[in-house]
Amino acid sequence: METKQCLICSSTEIIDPIDPLHSECFGCRMCITEWIVTKIIETRASINNAIPCHANDCADKVTINEVYKILTQDYQERINEALFKVYLIKDIRKCP
Ligand SMILES: [Zn+2]
Ligand SMILES: [Zn+2]
């Protein structure tokens, strides 16, 4: 059996395919969470938005919610924080 490693940090504690499209895009919880948090802030995304895959050579997108569902609570909280930050930014912008 081949060893699956995170594409970012080489950890072998990877989360299983985010979705069938990304069966080769291995990533550990920590890196995937970091990636999502960065992208949420960068693109002001919300939970139902899709962000680019963390794998460099992957052109497909991942829906934040799909990954969120398979993460543990600690990591979900980090994503919640990022979503909340973005929500606040958006809210402020709406004001005249
Ligand atoms: Zn990693
Ligand atoms: Zn991918």
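**A guided look at a predicted protein model**

Visitor: What share of the contacts in the protein with a separation of 6 or more comes from residues 24 or more positions apart?

Guide: That share is 44%; two residues are in contact if their C-beta atoms, placed from the backbone, lie within 7 Å. Do keep in mind that this is a predicted model, where local features need pLDDT of at least 70, side-chain atom pairs count only at pLDDT 80 or more, and totals for chains, interfaces and linings use all residues. Residues are numbered from 1 along each chain as its sequence is written, while chains are lettered from A and ligands numbered from 1 in the order in which they are written.

Visitor: Which helices and strands are there, and in what order?

Guide: The protein has 3 helices and 4 strands, running β-β-α-β-β-α-α from the N terminus. Helices (H or I, at least four residues) and strands (E, at least two) are DSSP runs, numbered from the N terminus.

Visitor: What makes His 22 partly exposed?

Guide: A residue is buried if 20 or more other C-beta atoms lie within 10 Å of its own, exposed if 12 or fewer, and partly exposed in between, with C-beta atoms placed from the backbone. His 22 has 19 such neighbours, so it counts as partly exposed. Its place is in the loop between β1 (14–15) and β2 (27–28).

Visitor: And why is Ser 10 called exposed?

Guide: Ser 10 has 11 other C-beta atoms within 10 Å, so it is exposed. This residue sits in the segment before β1 and has a positive phi of about 70° although it is not a glycine.

Visitor: How do you know whether Arg 44 is exposed or partly exposed?

Guide: Its count is 15 other C-beta atoms within 10 Å, so Arg 44 is partly exposed. Arg 44 lies in the loop between α1 and β3 (50–52), and its phi is positive too, at about 50°.

Visitor: What is the span of helix α1 set against?

Guide: The expected span is 1.5 Å times one less than the number of residues. Helix α1 (residues 29–43) has 15 residues and reaches 21 Å from first C-alpha to last, close to the 21 Å expected.

Visitor: What makes a nonpolar core, and which residues have the most contacts inside the largest one?

Guide: Such a core is a set of buried Ala, Val, Leu, Ile, Met, Phe, Trp, Tyr and Cys residues joined through C-beta atoms within 7 Å. The largest has 16 residues, and Cys 6, Ile 32, Ile 36 and Val 67 have the most contacts inside it. Helix α1 gives the largest share of this core, 4 residues.
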